[in-house]
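Dear colleague,

Please find the structure below, together with its sequence.

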Amino acid sequence: MTTLGGKVALISGAARGIGAETARQMANAGAAVVIGDILEDVARGTAAEICAAGGAAEAVRLDVASEGDWTAAIATATRSFGKLDILVNNAGIFTGRDIEEATLDDWHRLVAVNMTGVFLGTKLAAPALRETGEKSPHGSAIVNLASVAGLVGSVGDPLYSMTKGGVTMFTKSAALSFAKKGYRIRVNSVHPGVIDTDMGNVAIARRMRVGGSNDQADFAKQLHPLGRMGHADDVAATILFLASDEARFMTGSALVVDGGFTAQ
Ligand code: NAI
């Protein structure tokens, strides 16, 4: 089992879905977790559930498009738990609109959350991650949530695909930049298939409409050769691995967790 004993993680968009499951699994693995989200009540509920189970967690308001919110969230991590070892840039949105349907506002919203959020998190957390990285045996880590739609084209949401392609390349560029500067911060991306969360259910419904299918189980099987939609815990386990010292020689990698989606 992956161990994160003594580490401190900040996870964006962790009130629910993949982020919340990552927070639970990281807490179980021994990390203290800061749960950042715009859904403040839900985030507090997730943190309370982790604390009730014996973990260490705190919820903060974090809109990933706000520089001030990031600064406050990072300060919460260092004030409450003493340092920052891990940043998971998980917050993301999906519109499910075709190129001709989408408005400029849709695009600006997607960019603000899916791209500006990852840039700001990386930039503003870098000093704290660098400081911790200098003292820990295998450095600190950033894990970015991209998507299979950041590796192959998506008919269901071309604009989402464009933002996730950006996250894929930013991950590699940040990995190279930090390594070249001698910062001990590894940066890797995770690329889920369709995962059974609020977003995943909207995404599969959209893909079914485009694909002319009305049988979700059968459609999920066609997309994922392993025969099902993914679950949040499938993805969280991969995020934990990349965030842990077990992935100490990995940086700039793009790890698919997609039941074979992109192998076809
Ligand atoms: P979700 O919709 O269940 O949860 C996303 C979380 O992000 C929510 O708690 C939401 O409040 C939060 N969020 C949205 N805008 C925010 C903002 N401006 N600032 C802070 N938090 C914000 O989605 P899910 O499925 O858990 O997705 C997590 C990540 O995984 C996203 O980056 C998504 O693009 C990616 N992903 C998800 C897939 C899926 O099928 N569910 C497939 C591939 C990638």
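Helix 6 supplies the largest share of the lining of the largest pocket, namely seven residues. Please keep in mind that this is a predicted model.

The largest pocket holds about 920 Å³ of space. Of the 41 residues that line this pocket, Arg16, Gly92, Ile93, Phe94 and Met199 are the closest to its centre. At least two lining residues come from each of helix 1, helix 4, helix 5 and helix 6. Sorted by class, the lining of the largest pocket comprises 20 nonpolar, twelve polar and nine charged residues.

What takes up the space of the largest pocket? The ligand does. Two or more residues of the shell around the ligand are given by each of helix 1 (17–28), helix 5 (158–181) and helix 6 (198–211). Helix 6 makes the largest contribution to this shell, with three residues.

**Residues around the ligand**

There are 29 residues around the ligand, and those that come nearest are Asp37, Asn90, Tyr160, Ile195 and Thr197. By class, this shell consists of 16 nonpolar, eight polar and five charged residues.

Which residues place a backbone N or O atom at 3.3 Å or 3.4 Å from a nitrogen atom of the ligand? For Leu62, the distance from such a backbone atom to a ligand nitrogen is 3.3 Å. For Gly200, a backbone N or O atom lies 3.4 Å from a nitrogen atom of the ligand. Asn90, one of the residues that come nearest to the ligand, has a backbone N or O atom 2.7 Å from an oxygen atom of the ligand. On its own, the ligand has 830 Å² of accessible area, and the protein covers 95% of that area.

**The cavity**

How many cavities of 30 Å³ or more does a search of the whole structure find? The search finds one. The volume of the largest cavity is about 30 Å³. Its lining is formed by Ser12, Val64, Trp70, Asn89, Ala91, Val113, Gly117 and Val118. By class, five of these lining residues are nonpolar and three are polar, while none is charged. Helix 4 (residues 104–135) gives the most to this lining, with three residues.

With kind regards

Notes:
Residues numbered from 1 in each chain as written. Predicted model: local features only at pLDDT ≥ 70, side-chain atom pairs only at ≥ 80, totals over all residues. Heavy atoms only, no water. Near = heavy atom within 4 Å. Polar contact = N/O pair within 3.5 Å; in protein donor to acceptor, adjacent residues only side chain to side chain. Areas by Shrake-Rupley, 256 points an atom, 1.4 Å probe, with all protein chains shown as cover. 1 Å grid on protein atoms, 1.4 Å probe; cavity = no way out; pocket = protein on both sides within 12 Å on 5 of 7 lines; lining within 4 Å. Sits in = over half its atoms within 2 Å of the grid points. Helix = DSSP H or I, 4+ residues; strand = E, 2+ residues; numbered from the N terminus. Nonpolar A, V, L, I, M, F, W, Y, C, P; charged D, E, K, R; others polar. Points joined across faces, edges and corners; volume = space filled by probe spheres on them.
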